Amino acid sequence: GLSASLNIAEDNFEVNLNRLSFNSNLSLFDLKNISGNLAAEKGKLTANHLKVKTINSDFNISAQLEGYNIFGKASSEELRNAYLTADIDGYVYMQDLGKFVSVFRNSGVKVNIASKFSGRMNNISVRELELAFMNTHIQTKGNVYNLNDPDELKLKVEFFNSFINEPDVVD
């Protein structure tokens, strides 16, 4: 089911999804279930306990972006200072992403993901990022700078408990 609260005059929107599924016109991409809470209001976007299940993938997202007004004329300064928190866990078959990013189109690789991020868009703290696929395991933490400005994007991360199996990443 679906329930929604919309206050258009106040730019306040909230959708509670108990269970939504559909078949798409994209081959091999069917959304088996999505549930959770999505909200947009002045200066805040939220996805709480968003659970997504496709034919191949199953992951959870809780995220919030504060300080950025999608309803007004937002400045680059506003985006730079917007505060993001996000936790993502589950697994994704790269083939599902291939519908949107062609390099993954023919990949049958399952990637387990656990991540926790927070900070202003110009300085995101990666408290945890763990990816595991095939015989490869990557764990990292650090900072992502200037996520709001891709031309100035910088990473400062450290890897630990990591192993890259070359055949896993070479095409």
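How many salt bridges does the count come to by the rule used here?

Author: The count comes to five salt bridges, where a salt bridge is a side-chain nitrogen of Lys or Arg within 4 Å of a carboxyl oxygen of Asp or Glu. This is a predicted model, in which local features need pLDDT of at least 70 and side-chain atom pairs count only at pLDDT 80 or more, whereas totals for chains, interfaces and linings use all residues. Residues are numbered from 1 along each chain as its sequence is written, and side-chain values use heavy atoms, with hydrogens and water left out.

The pLDDT, the predictor's confidence in each residue from 0 to 100, has a mean of 88 over the chain, and 93% of the residues reach 70 or more. Confidence is lowest in helix α2 (residues 94-97), at a mean of 77, and highest in strand β5 (residues 58-66), at 96. The chain has three helices and 10 strands, taken as DSSP runs (helices H or I, at least four residues; strands E, at least two) and numbered from the N terminus.

Among the salt bridges, two share Asp87: one joins the side chains of Lys116 and Asp87 at 3.9 Å, N to O, and because Lys116 lies in strand β7 (residues 110-120) and Asp87 in strand β6, that pair ties together parts that are 29 residues apart in sequence. The other joins Asp87 and Arg127, again with 3.9 Å from N to O, and this pair links distant parts of the chain, with Asp87 in strand β6 and Arg127 in strand β8, 40 residues apart.

As for accessibility, buried means under 20% relative accessible area, exposed over 50%, and partly exposed in between (1.4 Å probe, protein chains only). Asp87 is partly exposed at 30%, Lys116 is partly exposed at 33%, and Arg127 is partly exposed at 43%.

Leaving aside its neighbours within four places in sequence, Ile124 is in contact (heavy atoms within 4.5 Å) with residues including Leu84, Phe117 and Val144.

A further salt bridge is formed by Arg80 with Glu77, whose closest N and O atoms are 3.3 Å apart. Both residues lie in helix α1, three residues apart, about one turn of the helix. Arg80 is partly exposed, with a relative accessible area of 31%, and Glu77 is partly exposed as well, at 42%. Glu78 also lies in helix α1 (residues 76-81) and counts as partly exposed at 24% relative accessibility. Beyond its neighbours within four places in sequence, Glu78 is in contact with Gly67, Tyr68 and Asn69, while its C-alpha atom is separated by 37 Å from that of Asn56, 22 residues apart along the chain.
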